[in-house]
Amino acid sequence: MTPLHCTCGQTELVLSGAPILSVECCCTSCRTAAERLNLLPGGAIPLGPQGQTHFVLYRKDRVTPPDAGLLVAFRLTPQSTTRRILSACCHTPLFLEFKGGHWISLYAALWPKGTTPKATLRTMTSDLPAPQTLPHDIPNARTQNSRFIWALLRAWVEMGFRSPPIPTKGEIDG
Ligand SMILES: [Zn+2]
Ligand SMILES: [Zn+2]
């Protein structure tokens, strides 16, 4: 069991088992969202030197979320189907959820220092202004490579093709 907490400690998520993947996303949406969320009091998404966001992907059935009342959702635009979920208490960014997705992408900054699952892949590097400056310590995938897609697909098969919902209290503008 891995408990993760918001900055103020009131909101707890509990994870069980291993993550699907640990990745750095280089897409424009993740960078824009981080810039906007970091303007909120309490918002603190550390970005990598090239602007990448580190996420740890977990099956939803391996996540025990807090009560819906402790979570608020942020969307980049009113039409966005992707939600970024924050703690209602202190606006700590917790995770990203695609509509209908069977997994969530947790912000790696939630792990206590030294315990974060190490990223093994960078995705969406084609969105970066200067992808050639990325280090080659882990694979740099221009979009979402076959390994990424296969890992998500295998998780969905193992879950029996279910996508359990994670209720939240409301929405937040930022
Ligand atoms: Zn909090
Ligand atoms: Zn992204």
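Trainee: How many of the 13 residues of helix α2 are buried?

Mentor: Please bear in mind that this is a predicted model. A residue is buried if 20 or more other C-beta atoms lie within 10 Å of its own. By that count helix α2 is hardly covered, and the number of buried residues among its 13 is 1.

Trainee: What span should the 13 residues of helix α2 have at 1.5 Å a residue, and what is the distance between its end C-alpha atoms?

Mentor: Helix α2 comprises residues 146-158. The expected span is 1.5 Å times one less than the number of residues, so for α2 it should be 18 Å. The end C-alpha atoms agree with this, being apart by 18 Å.

Trainee: Which strands are the edge strands of the open sheet of 3 strands?

Mentor: The sheet has the order β1-β2-β5, with antiparallel pairing. Strand β2, residues 12-15, is joined to β5 by 2 bridges, and L15 stands opposite V63 in β5. An edge strand pairs on one side only, which holds for β1 (2-5) and β5 (63-64).

Trainee: Is F98 buried or partly exposed?

Mentor: F98 lies in the loop between β8 (93-97) and β9 (103-107). Because F98 has 14 inside 10 Å, it counts as partly exposed.

Trainee: How far apart in space are F98 and T81?

Mentor: In sequence, F98 and T81 are 17 residues apart. In space, C-alpha to C-alpha, the distance between F98 and T81 is 6.7 Å.

Definitions and conventions
Residues numbered from 1 in each chain as written. Chains lettered and ligands numbered in written order. Predicted model: local features only at pLDDT ≥ 70, side-chain atom pairs only at ≥ 80, totals over all residues. Pairing = 2+ DSSP bridges. Helix = DSSP H or I, 4+ residues; strand = E, 2+ residues; numbered from the N terminus. Buried ≥ 20, exposed ≤ 12 C-beta atoms within 10 Å, placed from the backbone.
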